[in-house]
Amino acid sequence: MKDILRILIAPLLWLAAFSAVYGLLGLICGHGIGGTVLGLSLPRVLLIAAYGLAILLQAALLAALYHPRLAARSGFVRFVSRITGWAGLVAAGYTLFPVAVTSSCL
Amino acid sequence: MLAGGALIFALVMVLLLLSFTRRAPAGGEARQLRVWVIGLGLVFPLAVLGALLAYGLVIGERLLAREEPEVIRVSAEARRWTWRFTYEDAPGRRTEGVLHIPAGRPVDVAITTADVIHSFWVPRLAGKLDAIPGHVNTLRIEADRPGTYRGLSAEFSGAGYGGFTFLVSAHDAAGWAAFVEDTER
Amino acid sequence: MNALERHRRLRAIWASEPGMRGWLSTVNHNDLGRMFLLTAFVFFGIGGLLAMLIRAQLATPHSAFAGPQIYNQIFTMHGTIMMFLFAIPCFEGLAIYLLPKILGTRDLAFPRLTAYGYWCYVFGGVMLLVAMLLGIAPDAGWFIYPPLSGAIHSPGINTDFWLIGITFVEISAIAAAVEITVSVLKYRAPGMALDKMPIFAWYALITALMILTGFPPLILGSVLLELERAFGLPFFQAELGGDSLLWQHLFWLFGHPEVYIIFLPAAGVISTVLPVMCRTTLLGYGWIVAAAVGLAFLSFGLWVHHMFTTGIPHMGLAFFSAASTLVAVPTAVQIFAWIGTMWKGRPELHLPMLHILGFFCTFVIGGLTGVMVAVVPFDWQAHDTAFITAHLHYVLFGGFVFPILAGVYYWLPHVTGQRRVFRLGEVAFALVFLGFHVTFLAMHWVGLMGQRRRIPTYAPEDGWTAINLISSVGSFVLAIGLAMILIDVVLHVLIAARGKRNPWRAGTLEWAMMTPPPAYTFASLPQVDSRTPLADDPHLAVRLARGEGYLATPREGARETLCVDIASGRPDMHVVYPANTRLPVTMSALTGVFFLSLLVKFYWTVPLALAGVAILACKWVWGNGRREDPEPVQVREGITLANAATARRSPGWWGTLFLLSADATFFGALLFGFAFLWTVAPGWPPPEWFAGAMVMAGIGGFGALIGPAAMRQAIRANRRGDTALPGIGLALVGALAVAAACAAVMVQTPAPMGHAYGATLLVLGGYGLFHAGLGALMAGFLAARVLRGFTSRVRQAEFSIVSLWIDYLSVIGLLVLLAAYLPGLLS
């Protein structure tokens, strides 16, 4: 079961992060959160911070999947779990990048 | 987009056909994986899709209903099976089935519904936007020249859905002024 | 013992009852798989006929063929039948029939559950058909958006048929998914480590996990909408704090993964059949597994792309647009790995291969138009037009029907043991292919010209007449092609031309047995050392029949198999299956009474039916046990295995775990709904917060905390040889305390009919109460088992199962109480 988890964990983390950032956007727009921090709008800062956190977590997870003590014993599971690990990282970077460029509540 | 799609489809078909004529596999399994999975499976779509996404987002941003001084505001309320339009510039004026707008100026349509979900769609002026109970959605439309444009409700709404259409009448400056003043009288 | 005698003895043990009785009492995957597939194809035929009616209606302008009332029922039922009564059950049937054979074991994990799921599917499907024959079928579109489907605008019983019938059918999907998951993980041939699993098993596993997490949001949505329709709880009414968008979110949270739940099994068929047709092995097995996993997860992040026109902020749309384009990447990995496989081998144009080529042509177009509609501004134009209808048919017909037809022709010789005589299938394929593309290419075109989906008719001035006529003609060609396939299959079955045992020279285990397959599949279970055991040893079938494998000696009339360690495939348990029984069909009939009572609002039979189901469930589980410790069994020279009843993690524990993961998704979706209404719906905050007595929260919290500890104490005591009863009793008390607290939430919730907040708390409380009741029932059941001597220090499997339920109850109990009390305290 641990081996199955190793394969599933990175995309699962992506799904959680993706939903969380979407939820954060809903919260910001639903409650009209505004204001500025350091010249940037507060919603933008919050969203970009969440984006950064998501990427950081994915990268940490990927590193764990490469770590000799945490990686699977089976060569096959190691291979697949690292691909899905990379997939999670790329997906987080790709699908959440609109936080940096699009307008948030229009 | 259609042409690009056709090109990719053609590529896949050619590769499929060639598999019947080509005999010697190109190199070992590792090399084949590099070509098929990494090259064609990962890199190629990522490049195409990334470009397409960026293009879509730029267009999408441009279509948003941003604050502008010149904007005309109207409201559209759907009910089964008619649209009622009201006008900020002409308070008290209400039209049914025909939306009047000035040509050459951006118009924000505030869309909502009195009963079920409908969708406001004037194919030649903009994309569609839903009318959802309890919510008001704003769609930016703009008619380049005066004329009559066909509008449709594009969300299934029961028995009368098939005939649920409306018209948008775009006026020139004089016509619009006449329409607005008509109310004051 | 020689091969023939082994066959006779095994056949006696595994045989279904003769005649009609056998249909009702069989629990064997061989029978049920074929019954599932047959029923699914009957529904495919019915759905196809409805499609013909739609095309007849649209063939000419101002059509007087059917009025909007009837036409709306026709297209709603077409979509509903194809999605819920054909595609998903067809996958289930294929997996049920194939998995034990391809994995090298004798049956699925829970045979009686297979049967229960099948009968739920049949009864639920029949409910919908009856509605259609009576002319009161659902008519609000297959995704039945409220408020159109709400009580005000659809006052008739039509929508109730959809909500209740489909929920009933979904029981079978969840049952099959639990079954398939546990079977793939635990029921494999010895030695079949994860990397030696046939690729179809990977696809089936991933699909089953997706069903477990994809269907609960739909079930929740159906429950909420039915509660609104029947009892006026306003979840989707904007004026009372509800929001119709909540339905769209719940529906598409299911609806998008659904597309991939349909596509992935078909991809599994292709990955299995294609390499055999090309006389080679699959290119990039590991990559394909990873791509399927990636596809599965990405598909859960796409649901909002069905809602691009609902006025969600552009950034939100951008996330989903990005995810929707990204999902094409793992799809491309699979497509190109398959083409690479063709380059690697020598493709031969057998009939299954033709259908696979049909898949490539069709699905690639569907994928490309899919990428187009993932681009937001394009979707704003194309949404709800015939373009979308055409796109989704390219995806589903290309991505499911063609591969399944390939599979049908590939495995038909396995099911019947015969070969095709006439070359009808090739002509049929040509007609299907041509007819399909004519129909739906035309539909793309007319969609771009502005024809909306679901309109009952149009005017000649619209300028769509010629295209629609072409499309309709194409659809009738398609129908003729499909009818010819039906004739071809029937002829194949009727004309007894004996086929070869492994006609395609495949390498997977399902061909290492006689055909048609005997109920016990393998006379002895193979030892597996590669992904293509049959290619390594072409005489494997004969050797297994001779008993040169595991469990070669039938004993005590028991249906035996063994379980393996998930990762390594090392054998770790000996399993004895239950035999033929009519319990599943009876229980699903009673379940049907429950749903039917709700449908016709005959509420006093509801508790009776529920009690009946509970009693049968207890009987079901009660029959499993033994009163003496089972001896370890020698499954092969030098390998002795303990019985599953002695395991801490028995098959039942695994099944419970995955059932609970579906349950948890349901609960998560409910919490999501609560949060969604709170942040998005108009009319919040509610006029009044919940202000229950804190003492009830205390009691509930205490019960939730004490339960898991008590169960653990019971397990420890049992293992020491002490009595477990005090621990179980305490767990029972804990469950009752949670029940009381949840009931208090339900009673004291403010105005459940007046605001969605109160209604949501009512449902949360009800959810908690139901699970607390279930927990109490289980603790009571376990106590009875202990008293009657069905457990011992060794026979401990039931303890860990009940413990899992009590743990789950504890978590959701606390969350329910938190959700109820916290907002009131904070404000």
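This briefing describes chains B and C of a predicted model, moving from their interface to their domains and then to local features. Local features need pLDDT of at least 70 and side-chain atom pairs count only at pLDDT 80 or more, while totals for chains, interfaces and linings use all residues, and side-chain values use heavy atoms, with hydrogens and water left out. Residues are numbered from 1 along each chain as its sequence is written, and chains are lettered from A and ligands numbered from 1 in the order in which they are written.

**Interface of chains B and C**

- In this interface, 74 residues of chain C are in contact with 65 residues of chain B, where contact means heavy atoms within 4.5 Å.
- The two chains, C and B, bury about 6,000 Å² between them, and 72% of this is on carbon and sulfur atoms; buried area is the accessible area (1.4 Å probe) that two parts lose on being put together, summed over both.
- Of the area that chain C buries against chain B, 15% comes from C:Phe336, C:Trp343 and C:Arg452, more than from any other three residues.
- The rule finds 2 salt bridges across the interface of chain C and chain B, a salt bridge being a side-chain nitrogen of Lys or Arg within 4 Å of a carboxyl oxygen of Asp or Glu.
- A salt bridge joins the side chains of B:Arg150 and C:Asp462, at 3.8 Å from N to O.

**Domains**

- Chain B is divided into domain 1 (2–63) and domain 2 (72–184), with bounds that come from an automatic or database domain assignment, and the centres of these two domains of chain B, taken over C-alpha atoms, are separated by 42 Å.
- For chain C the assignment gives domain 1 (293–497) and domain 2 (677–826), and the C-alpha centres of these two domains of chain C lie 46 Å apart.

**Sheet in chain B**

- An open sheet of 5 strands in chain B has the order S4-S10-S9-S6-S7 with mixed pairing; strands are DSSP runs (E, at least two residues), numbered from the N terminus, and two of them pair if DSSP finds at least two bridges between them.
- Its edge strands are S4 (98–102) and S7 (129–131) of chain B, each of which pairs on one side only.
- Strands S6 (residues 118–121) and S9 (residues 147–153) of chain B pair in the antiparallel sense over 2 bridges, and B:Trp121 has B:Leu152 in S9(B) as its bridge partner.

**A residue in chain C**

- C:Ala611 belongs to helix H20 (residues 605–622) of chain C, a helix being a DSSP run of H or I with at least four residues.
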